[in-house]
Amino acid sequence: MSLHTVAKEPFIRIAKREGCTVRRSILVYFLGLLGGLLVSAVIIMLITGLNPLEVYASMLRGTLDFEAIAQGKWNKLWYALRDTALLLCIGVGLAPAFKMRFWNIGAEGQMLMGGLVSAACMINLSDLPNPLLLLIMAAASIAAGALWGFLPAVFKAKFGTNETLFTLMMNYIAIQAVELAVDIFDKKQSHSVGVINLLTEKGWMPDLLGQDYLWNLIIAAALAVCMYVYLKYTKHGYEISVVGDSVNTARYAGINVKKVIVRTMLISGAICGLAGFVEVSAISHTISKSTAGGRGFTAIIVAWLAKFNTFVMALISLLLVFLDKGAVAISSDFGLNDYISQMITGVILFFILGCEFFTGYRVIFRRKAGSAGKAPAEGENA
Amino acid sequence: MLMTIANLVALITNSVLFGTVIMLGCCGEILTEKSGNLNLGVPGVMYLGGIASLAGCYAYESGCAAKGTTPAGYLCVIIALVCGFAAAALGGLLYSFITVTLRANQNVTGLALTIFGAGTANFFGGLIMQKSGGVGTINLSATAQAFRAQIPFLPKNWGVVSEVLFSYGAMVYAAVILAVAMSLFLSKTRAGLNLRAVGESPATADAAGIRVGRCKYLSTCVGAGICGLGGVFYIMYYIKGMWANDGYIEALGWLAVALVIFTGWRPVNAIWGSYLFGVCYWVYTCMPEAVSRFLASTLGLTQITYTQNLYKMLPYIATILVLIIGSIRQKKENQAPQSLGLSYFREER
Amino acid sequence: MDNPVAVRMTGVTKAFGSVVANRDVCLEIRRGEVLSLLGENGSGKTTLMNMLSGIYFPDAGEITVNGTPVTIRSPKDAFALGIGMIHQHFKLVDVFTAAENVMLGVRGKDRSVRETAERIKEICAKYGFEVDPRQKVYDMSVSQKQTLEIVKVLYRGADVLILDEPTAVLTPQETQKLFAVIRNMKADGKAVVIITHKLNEVMEISDRVAILRRGEHIATVSTCDTSPAQLTEMMVGQKVSLNIHRAEPANVRPALRVEGLSVVREDGVRVLTDVSFTANAGEILGIAGISGCGQKELLESVAGLQKTEKGSIIYYPEGDETGTELVGKQPGEIRRLGISLSFVPEDRLGMGLVGSMGMTGNMMLKNYGDSRSFFLENRKPRELAQRIKDELEVSAEGLSTPVRRLSGGNVQKVLVGREIASSPSVLMTAYAVRGLDINTSYTIYNLLNKQKERGAAVIYVGEDLDVLLELSDRILVLCGGRVNGIVDARSATKEEVGALMTNLEENGEEEKE
């Protein structure tokens, strides 16, 4: 073979990879994460001119502040776990919808509506005994979230209406509804309801074993386990998988696709609504348009990256919360505003998303001139 | 508040300005989607465009202020447009790299881009605000003025007609021209034909010798750049050279994405579609007071103006209605490009 | 006398993951000659040619065009070298017109659509095609699309034409037309390669035959020096009998009667008009027709997947003269009535199976809902999956390996295995052997014959007329959504059936039983 032709071979080629070992994918994602961290550190360095190691140390302190822990203060870790639990809740809610290939971008709105009705119950039913009130709040938030999931599902099932934009628009309607409701609840014209029932703590999730946020963890863990079982071992879960794989196959199998879409979105919306209840009752005790705070979007990525395995979701949620807390710590330590956490989350997400490529494809670099044409499938490279 | 001519004129001009933002976003997204890339990062790239133009003009204007010279209007405009376009196109480049080269899921990547763009813009917006002395202190008056400068030779003395048709800055007209030009590009030129082929069937385009990857990259980057101009217009024209981290650009970005479906992937339809969305948004200024009073008392609101939050649902509800109606009567000609949202790999078997 | 060599491939190798599609293949393509590339499905014919057309890049080997070593990195490079390929799955943009499709990606030649159209007419006149430049592709028939593909390649000035299974979707008459065109091109000095697995066509059209088996080049022979038997042997590796064992129908009784069935698709296109026939238990009813003339909708109507406009579909269980009306019933309802209706659809992974699930998950697709429990029952499906895997020799890593990762033949075995496992009283198959190698095809034929002998009413929609004539007892011929005749498969000839496929006769309902 003449050197001339070899030199014209493309420098980089891409070929499909058949199957990917678990070890390899873990390695790939780990490297991707590392790359994301490196790049975000470089960005912070460029902005602040700080030593990257200091930045990382500060980041770690966002979750694990060893000095405080030495004094017996576990606050930051609890906050991180609390936020992880909330993110996981929403992710668990989204899992069935996404497994069905229903792009529910509306977790934000479903959660807001859940939070809104919870807050409404707290304000208007504060005379009820607390356990009853909590139950009513939970039920109401489930219903509100389910309604917000139901509407796009019905139109998707009936007319094939684009659910991505429908659910998205439902978010904004929910935001306006919350703003409207805040003005209704609050008679002081301050556009804020403040902390609800600050003195009576009515409708507040009680602490458990002296921990404020243990309930949050229990709820999230229970939901994660139930959802795992639901998706994997029940007929409903089976139907969701079939519909998600191919609607035609589902019809062929005699599955009522419309029913499955609506039912699944009711569940998805309900769980996201419940997450709103958790936020209002067990964390913030207030309601505003930033109650959901973009978690509905982050949770989509959590669910997607975990391939709908709720246990992996817990890990990814923890990771994202860790990053978020770290970025907030950096911003407060170095006097930056905390939008930096969103930026860093974005960077890391890009890296993790890009990583998927290396589990499904392999890159083949141009062979050296001498060794050309020897054996197939050489030059494997991550 | 009575429905007066002045009210109506204000409604129309406001709607046109509002519409221009999403028209630019929509046109950019149509160009992107025609190549088969569904970029849900429109809000993100609009943010990037907005913040980059703000940063560029802030540097220029404060530099002039330090030197004691007056900033030149045309330079302000050029800096804003170039910075905005470039930053947004870079966002598009990032998106293309991840979805076209690395073949990641387009929806998720788009959402990540939105998160990233919003974070980056608000972060730097915060930095600039801090630098300029606190919240609400950024005021790029020279740039805003230059953007808002009316076109000299258009008649100004035709009363209402002038106000409704000729009272805008050049960019409003430029957006309309862009929409028309893009329609012509897509339907009449060979490059447009090739681009559409890529979006319809990348395998066909590839077999015909069109470089699919390059085409996707190019249209996504230019499309994102145009979306970014929407961000520039919002910052420099709509809110007059200020910065606010109220998440408003994000909402506009999503409306732009929704508008794409509304237009049936035809940029000319974006012209009236976007103005219509604008009317939906601003129509509350023309709501009869009796209605507002009735609503306020029914809902238990302390102020009549608080009913605004109810009216502001309108554009979103309208969008939903548009989506539903569009899905009920589907036509073959107005459909999304066939391979929209799918990544292409030549050696796929 | 040897014609000048246009393309020479030496030592070409290509692997997909662990599967080697081509190993060390050497091939010569000559001008003014038709070369047949013969091999079973999966023997690497298309892969080899895709390396010439720039779709795949070889892992190793050398390609020379007109004596110069070249590197073909993309279809663009291939066009520059004068190589054009007509793919089996047409590469056309549906919403574009013929002219727009032709001018796609061509740079600096004709500028306007009008000039392109002129040029298309010239090409058509030269080789004897008919193409309307302004017609949209979605309005075209399959053979029109194929013609357009050929025009597209010629328009770009290709002098090496590769046709991938060009006759698979054509009627015998259309095939003859195509062959005439190919002869014109050959006379014009072009090099033509035809990828095929049909021996009679090889004998008819080609000058030389290159045989591939499992990715390796076995031999290249002159057509005049060989025989179909010899070619088969080289293609398959061992002598196989081409006869399908066909038992005489026994205990024939009507099992399914379709009466005046008309179907209008969701997009408003009428696909079936007044179709009437009876499928008998203990018989195989073949359905012939050019592709897209209502076969798919017919089977889907019976299966409850297609809305019908009018007509009735009545199922008769054994010993029941009144029967059950199936029109208006969903697949689930039909199942719950206790009617064992099996359907092997054309789109195996898009309709018959769940690609992301393993064999076990796919076994329960139709009966997962039978038990009352909220949870899935896994044991029986797993046993069934294991049984099918053993009996039909499905090569899969495990029962939970996603079926999408299996090869085409194995996917079909899983699907047919499941459908037969429920001992159906009506078994419908659409293109059951498409894309399968000869051995697997025969496995499927045998399974169908066993079902017939067991007493099932088998409906076999096929595209290969030879197989239809050998496998079926009766053949129903569809043309343009109408029944154009039902013939006895034992006495009918290929030409007869071919004629019925293309020309709608006045008295189309006439049955020859």
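Predicted model: local features only at pLDDT ≥ 70, side-chain atom pairs only at ≥ 80, totals over all residues.
How many bridges join strand β13 of chain C to strand β18 of chain C, and do the strands run parallel or antiparallel?

**View 1. Strands β13 and β18 of chain C are joined by 5 bridges and run parallel.** β13(C) covers residues 283–288, and β18(C) covers residues 457–461.

**View 2. β13 and β18 of chain C belong to an open sheet of 6 strands with mixed pairing.** The strand order is β16-β17-β18-β13-β19-β20 (chain C). At the edges lie β16 (341–344) and β20 (482–488) of chain C, each of which pairs on one side only. On average, neighbouring strands of this sheet are turned by 15° against each other, direction ignored.

**View 3. Domain 1 of chain C meets domain 2 of chain C.** The domain assignment gives domain 1 (5–236), domain 2 (243–340 + 424–513) and domain 3 (354–422) in chain C. Taken over C-alpha atoms, the centres of domain 1 and domain 2 of chain C are separated by 34 Å. The contact involves 10 residues of domain 1 and 13 residues of domain 2. On the domain 1 side, 5 residues are nonpolar, 4 are polar and 1 is charged.

**View 4. Chain A contacts chain C through 28 residues, against 37 residues from chain C.** On the chain A side, β1 (12–16), α10 (235–245) and α11 (247–252) are the elements that give two or more residues. The largest share, 5 residues, comes from α10(A). By class, this side of chain A has 9 nonpolar, 9 polar and 10 charged residues.

**View 5. Chain B contacts chain A with 43 residues, and chain A supplies 39 residues.** On the chain B side, at least two residues each come from α3 (73–101), α4 (106–132), α11 (248–263), α14 (308–311) and α15 (314–328). α4(B) gives the largest share, 13 residues. The residues on this side of chain B divide into 27 nonpolar, 13 polar and 3 charged.

Methods: Residues numbered from 1 in each chain as written. Chains lettered and ligands numbered in written order. Contact = placed C-beta atoms within 7 Å. Helix = DSSP H or I, 4+ residues; strand = E, 2+ residues; numbered from the N terminus. Nonpolar A, V, L, I, M, F, W, Y, C, P; charged D, E, K, R; others polar. Domains from an automatic or database assignment. Pairing = 2+ DSSP bridges. Axes fitted to C-alpha atoms, helices over the stretch in contact; angles between N-to-C directions.
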